[in-house]
Amino acid sequence: MVDFSELLHSQFLWYALCAGLLVAVVSGPLGCFAVWRRMAYFGDTLAHSALLGVTLGFVLHIMPTLAVGATCCLLAVLLMYLQRRQKLAVDTLLGILSHSMLALGIVTVSLFQIKVDLLSLLLGDLLAVGSHDLVLMSVTAVGILALLYFLWEKLLAFTLHEELASVEGISVERVRMALMLMLALLIAIAMKVVGVLLITALLIIPAAAARKLSRTPEKMALLASLIGCLAVVLGLLASILWNTPAGPSIVLAASLFFLICQLRPLGSK
Amino acid sequence: MTLIGPNGAGKTTLLRLLLDLTKPSSGSIWRLPGLRIGYMPQRLQIDSSMPMSVERFLLLGQPGMDVAQAQKALDRVGAGQLLKASLANLSGGEMQRVLLARAASRKPQLLVLDEPTQGVDVGGQSELYQLIATLRDELGCGVLLVSHDLHLVMAATDRVLCLNQHICCHGHPEQVSKDPAYLELFGDKVAPYTHQHNHQHKLSGDIADAGECIHDHPKKTPSNKK
């Protein structure tokens, strides 16, 4: 049996918990936009470029989180540009980019003969979060939340109807760019928590679970954050109790919440 | 002012240009600085994953509005009971009314409507046009309308601009409905579209050889006064 009183004094656990909660709080509202605007696959594509970011960071001697953040932001800008110029459907474009990025990442890893723990990259390494990571994550999270707060009304109007928003004086392209960059940054800090493969889950599942329980966009965003936080706590607990990997445990906990929320009858919105 | 014309005539393109949603490839557009435009898009498809009430939608991005004003705006378009309804659950006609309420609630100087009666049954259509006319008188605003409902539009509008890649004809509805170009386009009833010119169009829509037209073409690309 695990000795809980001893665990309570272990620093790594508190770091892990803080990191998980930070990411969950931010991914609540951003996840809502991902659901409303059907951007799930977009998040996935950005996440797939994370491996490339890690290798670049290694080669250029930059902190991995920073390097991944920069790579994701660059990819987001590239995607926006391509979306406007290409005749291809968005999901085709995303499919091309996401897998090219993943392949490029793996090839560069072997070219530079970097020793990367692929498994921890793919599934997250929450228990290895250090104080440096935590500072960087806090700064990013606060930045994203502040931007969300200031742009909230504009983001909603933009999500409802882009042209209407544009006619009513919102600079649509800037709002779109802000949303993409926020997502890119979130992915960079979430990588440590749930890993590349599962980031989209952390984005989508709490928001989807919150849908049934909310009547306003604000409530849905807050509930999504709350469900995400609960999932982090439960997942972390499970990972200690049964020695399961933390990231997947968190995602499973979120899925459990989603299932429970589905039990509510359809009539109530 | 009403824009009419067959599919692909360039009505929506002209509207998008005027609203600054598309940049013109040539020519320039003059707009009154600070012109308040109320825009009613063709349709608004909201993802059912987004919880949004009509009330919230009317208040969104409009700092001067309060709930009472939102209710008043809805009452004016005859949709007062919808205030608390979910935006995703509205029927086509209800949605059009809500969109109109939002456009009108901005106290616009120019009301721009892109096929406002899409998805509305015939009875509702004439009601909606009457409503637009009332709103125009109340707000004292200009109305620019894209429409396919010729019979209803012709009765209520001051000026008609008939487009088919170029300006076919324009003017007072009575004048336009007797214009040979209009008759060729739509027939004297609303007949299936047959467009016969005795002149050729370039791909750009300009008239290749003006020569002897059976109808009088203004020899210019669409003017952008309004």
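Me: In this predicted model, a crossover is called right-handed if, with the strands pointing away from the viewer, the path from the first strand over the helix to the second runs clockwise. Which helix lies in the right-handed β-α-β unit with strand 3 and strand 4 of chain B?

Reply: Strand 3 and strand 4 (residues 142–146) of chain B pair in the parallel sense over five bridges. In that pairing B:Val112 stands opposite B:Leu144. The helix that makes the right-handed unit with these two strands of chain B is helix 5, residues 122–139.

Me: Which residue of strand 3 of chain B stands opposite B:Ile37?

Reply: Strand 2 of chain B covers residues 37–40 and runs parallel to strand 3 of chain B, with four bridges joining them. The residue of strand 3 opposite B:Ile37 is B:Leu110.

Me: How many of the five residues of strand 3 of chain B are buried?

Reply: A residue counts as buried if 20 or more other C-beta atoms lie within 10 Å of its own. For residues 110–114 the count is five of five.

Me: How many residues of the side of chain B that touches chain A are nonpolar?

Reply: The contact takes 21 residues from chain A and 17 from chain B. On the chain B side, four are polar, two are charged, and the number of nonpolar residues is eleven.

Me: What is the distance between the end C-alpha atoms over residues 221–242 of chain A?

Reply: An unreviewed UniProt entry places a "transmembrane region" at these residues, among others. The chain there is 100% helix and 0% strand, and its end C-alpha atoms are apart by 31 Å.

Definitions and conventions:
Residues numbered from 1 in each chain as written. Chains lettered and ligands numbered in written order. Predicted model: local features only at pLDDT ≥ 70, side-chain atom pairs only at ≥ 80, totals over all residues. Buried ≥ 20, exposed ≤ 12 C-beta atoms within 10 Å, placed from the backbone. Pairing = 2+ DSSP bridges. Contact = placed C-beta atoms within 7 Å. Nonpolar A, V, L, I, M, F, W, Y, C, P; charged D, E, K, R; others polar. UniProt positions renumbered as here; feature names shortened; annotations may be inferred.
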